[in-house]
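Subject: Structure handover and findings

Hello,

I am passing on the structure we spoke about, with notes on what came out of it. Please look through it first and then read on.

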Amino acid sequence: MNTTCFDCSAELDHCHGSLVVHVDMAVECTEPGCVDLHVARHTLALVRCEDVDSACTCVVVAHELLIAS
Ligand SMILES: [Zn+2]
Ligand SMILES: [Zn+2]
Ligand SMILES: [Zn+2]
């Protein structure tokens with residue numbers, strides 16, 4: 001991949017995926033090959049899993065809690 005990413009040209013260890021933060025604070029990366037979920041390696045904004053298009057089980061649980069209350 002030939003991009004103009006600054007970190008790439010600097011050969012820094014980083015990731016182009018988005019960090020997804022789940023309701024239980026578990027962190028996931030959208031990049032399948034991502035091996036290190038440290039925030040510092042990710043230049044893109046953190047997103048909450050409920051804001052991601054693909055439905056996460058966290059959101060289902062949250063909805064069930066709403067219904068139960
Ligand atoms: Zn890069
Ligand atoms: Zn989630
Ligand atoms: Zn990543």
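Start with Cys15, which counts as buried because it has 21 C-beta neighbours inside 10 Å. The cut-offs are these: a residue is buried if 20 or more other C-beta atoms lie within 10 Å of its own, exposed if 12 or fewer, and partly exposed in between, with C-beta atoms placed from the backbone. This is a predicted model, in which local features need pLDDT of at least 70 and side-chain atom pairs count only at pLDDT 80 or more, while totals for chains, interfaces and linings use all residues. Residues are numbered from 1 along each chain as its sequence is written, and chains are lettered from A and ligands numbered from 1 in the order in which they are written.

Surroundings of Cys15

Cys15 lies in the loop between H1 and E1. Not counting residues up to four places away in sequence, Cys15 touches Cys29, Glu31, Cys34, Arg41 and His42. Contact here means that the C-beta atoms of two residues, placed from the backbone, lie within 7 Å. For Glu31, which is 16 residues from Cys15 along the chain, the C-alpha atoms of the pair are separated by 7.6 Å. Val35 is 20 residues from Cys15 in sequence, and the C-alpha to C-alpha distance is 9.2 Å.

Cys29 has its own list: leaving aside neighbours within four places in sequence, Cys29 is in contact with Cys15, Gly17, Leu19, Cys34 and Leu37. Both Cys15 and Cys29 belong to the largest nonpolar core, whose 5 residues also include Leu19, Val20 and Cys49. A nonpolar core is a set of buried Ala, Val, Leu, Ile, Met, Phe, Trp, Tyr and Cys residues joined through C-beta atoms within 7 Å.

The chain as a whole

The protein chain has 69 residues, of which 9% count as buried. Its secondary structure comes to 2 helices and 3 strands, and from the N terminus on the elements run α-β-β-β-α. Helices (H or I, at least four residues) and strands (E, at least two) are DSSP runs, numbered from the N terminus. Of the contacts with a separation of 6 or more, 46% are between residues 24 or more positions apart.

On confidence, the mean pLDDT of the chain is 81, and 80% of its residues reach 70 or more. The scale is the predictor's confidence in each residue, from 0 to 100. Among the elements, E2 has the highest mean pLDDT (90), and helix H2 (residues 57-68) has the lowest (69).

The sheet

Two strands pair if DSSP finds at least two bridges between them. Strand E1 (residues 19-21) and E3 run parallel and are joined by 2 bridges. Val20 has Val47 in E3 as its bridge partner.

The loops

Between H1 and E1

Phi of Glu11 is near 55°, a positive value in a residue other than glycine. Glu11 is exposed, with 7 other C-beta atoms within 10 Å. Leu12 is found in the loop between H1 and E1 and is exposed, with 12 other C-beta atoms within 10 Å.

Between E1 and E2

Met25 is in this loop. Phi of Met25 is near 75°, again a positive value in a residue other than glycine. Met25 is exposed, since it has 6 other C-beta atoms within 10 Å.

Between E2 and E3

Val35 is placed in this loop and is exposed, with 9 other C-beta atoms within 10 Å. Leu46 is found in the loop between E2 and E3. Is Leu46 buried or exposed? Leu46 is exposed, because 12 other C-beta atoms lie within 10 Å. Leu46 touches Leu19 and Val21, not counting residues up to four places away in sequence. The C-alpha atoms of Leu46 and Val20 are separated by 6.0 Å, although the two are 26 residues apart along the chain.

Regards
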